Amino acid sequence: MKKIKKVGFFVNTTKTNAVGVVEGVSTWLKERGIVPLLPEEQAVELGYPQTGISKTEVVEQADMLLVLGGDGTLLSAAHTPQIENVPILAINIGTLGFLTDASLDQLYPTLKATLAGAYRIEHRMMLEVVVDGQPEVNQSPQPFRAFALNDVVIRHYTRLIELDAHIDGELFIPYNADGLIIATPSGSTGYSLSCAGTIVAPQLEAILLTPIAPHSLTVRPFIADGNAEITVKMRAAYQSVDVFVDGQRETHSLTADAVIKVQKAERTIRLIRSQHHSYYRALREKLMLGIAVS
């Protein structure tokens, strides 16, 4: 990574300590000749209305991005155009924080080590989802294209849906379920895990298919090759579904004839990992893996 002259912030402004953390880090950076950059909406919420610029400008100008929040803050940041070009240091000031590098009490040692070059870059796979040739409900017929760091969820909240999932053009499983989660390894500890999906090491390239409350005991989660193309079609002509990209970062309501295609994206997210970071320790501590239940 080149010499850091500007650091862009993405902050969860709902956290009670956000203002103090941003103020402290900004001062710390300025003392070292580094310019802090705040997105305008967050600058207003944090009480610095004159200092903000657009998120696009933050990404274009920053040599490094500092995410202060939890996994949700990082997921929101990941939907900013061109963010794949800038390395991200994520500090957890939220709860779980599987994607973050360090906790708040490690903020300044981690920053100091990063500025000194004591870190590695971890590339996280993303998914590209495309809906071809079919309109969204109540909209003109125009396909959409989106990117997901965690998952793409297809579901209907009030009824069972019937989906046919194809892998590389071949029918895989006809699902009768509340929905289907198509996830990256990063997303394996999210919604997919809560629906009995397996945990997948984040450095692998794989695509997880996890059904939501399937209507058959013979339907199980599956891990497809990372280069596979997943195509999902609705079986019933009367059905419509909702598609959620990374939670509700992007939502789309689709007509019954929509064809949903999901595959590995060319872009990746570049996460800065300090020397003390351990994904396996995070799993043990946050999910209490292996902890005996008395």
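Modeller: The discussion below takes up the sheet, a pair of helices, the salt bridges and some backbone angles in turn. Please keep in mind that this is a predicted model.

Biologist: Let us begin with the sheet. How many strands form the open sheet, and in which order do they lie?

Modeller: The general idea comes first. Strands of a sheet pair through backbone hydrogen bonds, and the pairing is either parallel or antiparallel. In this structure, 6 strands form an open sheet with antiparallel pairing, and the order is β14-β13-β12-β9-β16-β17. The edge strands are β14 and β17, each of which pairs on one side only. From one strand to the next, the twist averages 20 degrees.

Biologist: Which residue is the bridge partner of I182 in β13?

Modeller: The partner of I182 is L209. The two strands concerned, β12 (residues 179–183) and β13, run antiparallel and are joined by 5 bridges.

Biologist: And how should I read the pairing of β16 with β17?

Modeller: Strand β16, residues 241–245, pairs with β17 in the antiparallel sense, again over 5 bridges.

Biologist: Where else does a residue other than glycine have a positive phi?

Modeller: One case is A196, whose phi is near 75 degrees. A196 lies in the loop between α6 (191–194) and β13 (206–212). Another is A213, with a positive phi of about 45 degrees although it is not a glycine. A213 lies in the loop between β13 and β14 (222–225).

Biologist: Are these two residues buried or exposed?

Modeller: A residue is called exposed when its relative accessible area is over 50%, and buried when that area is under 20%. A196 has a relative accessible area of 59%, so A196 is exposed. A213, at 44%, counts as partly exposed.

Biologist: Let us turn to the helices. At roughly what angle do the axes of α1 and α5 cross?

Modeller: The axes of α1 (residues 18–30) and α5 (residues 107–115) come within 12 Å and cross at roughly 35 degrees. The crossing is right-handed. On the side of α1, the contact is made by V21, G24, V25 and W28. On the side of α5, L107, Y108, L111, K112 and L115 take part. By class, the contact has 7 nonpolar, 1 polar and 1 charged residues.

Biologist: How many salt bridges does the structure hold?

Modeller: The structure holds 10 salt bridges. In one of them, the side chains of D101 and R273 meet at 3.9 Å, N to O. D101 lies in the loop between β5 (88–92) and β6 (102–103), whereas R273 lies in strand β18 (residues 259–274), so the pair ties together parts that are 172 residues apart in sequence.

Biologist: Which other residue meets R273 in a salt bridge?

Modeller: The side chain of E122 meets that of R273 at 3.4 Å, N to O. E122 belongs to strand β7 (residues 119–132) and R273 to strand β18, so this pair ties together parts that are 151 residues apart in sequence.

Biologist: What can be said of the salt bridge between K264 and E205?

Modeller: The side chains of K264 and E205 meet at 2.9 Å, N to O. This pair links distant parts of the chain, with K264 in strand β18 and E205 in the loop between α6 and β13, 59 residues apart. K264 is partly exposed, with a relative accessible area of 26%, and E205 is partly exposed at 47%.

Terms used. Residues are numbered from 1 along each chain as its sequence is written. This is a predicted model: local features need pLDDT of at least 70, side-chain atom pairs count only at pLDDT 80 or more; totals for chains, interfaces and linings use all residues. Side-chain values use heavy atoms; hydrogens and water are left out. Helices (H or I, at least four residues) and strands (E, at least two) are DSSP runs, numbered from the N terminus. Buried means under 20% relative accessible area, exposed over 50%, partly exposed in between (1.4 Å probe, protein chains only). A salt bridge is a side-chain nitrogen of Lys or Arg within 4 Å of a carboxyl oxygen of Asp or Glu. Two strands pair if DSSP finds at least two bridges between them. Axes are lines fitted to C-alpha atoms, for helices over the stretch in contact, and angles run from 0 to 180 degrees between N-to-C directions. A crossing is left-handed if the near helix is turned anticlockwise from the far one by less than a right angle, and right-handed if clockwise. Contact means heavy atoms within 4.5 Å. Ala, Val, Leu, Ile, Met, Phe, Trp, Tyr, Cys and Pro count as nonpolar, Asp, Glu, Lys and Arg as charged, and the others, Gly among them, as polar.
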